[in-house]
Amino acid sequence: MVNSEKLSGLIGDPVPDPHLYRSLIGALQYAVITRPEIAYVVNKVSQFMHNPLEPHFKVVKKILRYLKGTIDHELRLKTCSKLVLTGFCDADWASDPDDRRSTSGFCIFLGSNLVLWSSKK
């Protein structure tokens, strides 16, 4: 998903099969464990599970095409002899085109392993 692309819950036609959309989102949420680079976009499309529209489904298809093209990339979890706690956070102020709410998120790593990731609208 292009960073400047804004998804709206008001623009677009409903998807013909919302169950398929929800099923794909659930599968992508598991994929985030070893593919953290898709965490942001999976979180964005997850916000529209109650009423998925065609533009949201197009983004899901882009994610699936990206994963297919980078099937050999992965995050390897391994033991670490040095325990270092590292945290990152980011915020996107008033970026939602529907209600102008902000999105913030953070992740915490213990060594090189992701321990916690959260995002809030």
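Tutor: Buried means under 20% relative accessible area, exposed over 50%, and partly exposed in between, with a 1.4 Å probe and protein chains only. Helices (H or I, at least four residues) and strands (E, at least two) are DSSP runs, numbered from the N terminus. This is a predicted model, in which local features need pLDDT of at least 70 and side-chain atom pairs count only at pLDDT 80 or more, while totals for chains, interfaces and linings use all residues. Residues are numbered from 1 along each chain as its sequence is written, and side-chain values use heavy atoms, with hydrogens and water left out.

Student: Which residues of α2 are buried?
Tutor: They are Ala39, Val41, Val42, Asn43, Lys44, Val45 and Ser46. Helix α2 spans residues 39–46, and seven of its eight residues are buried.

Student: What pattern does the protein chain follow along the sequence?
Tutor: The order is α-α-α-β-β-β. Of the 121 residues in the protein chain, 25% count as buried.

Student: On another topic, how many aromatic pairs does a search of the whole structure find?
Tutor: The search finds one aromatic pair. Rings of Phe, Tyr and Trp (its six-membered ring) pair if their centres lie within 6.5 Å; planes under 30 degrees apart count as stacked, over 60 as edge-to-face and the rest as tilted.

Student: Why is the pair of tyrosine 21 and phenylalanine 57 classed as it is?
Tutor: The ring centres are 6.3 Å apart and the planes lie at 45°, so the pair is tilted. Tyrosine 21 belongs to helix α1 (residues 18–31) and phenylalanine 57 to helix α3 (residues 54–69), so the pair ties together parts 36 residues apart in sequence.

Student: Is tyrosine 21 buried or exposed?
Tutor: Tyrosine 21 counts as buried, at 0% relative accessibility. Phenylalanine 57 counts as buried too, at 15%.
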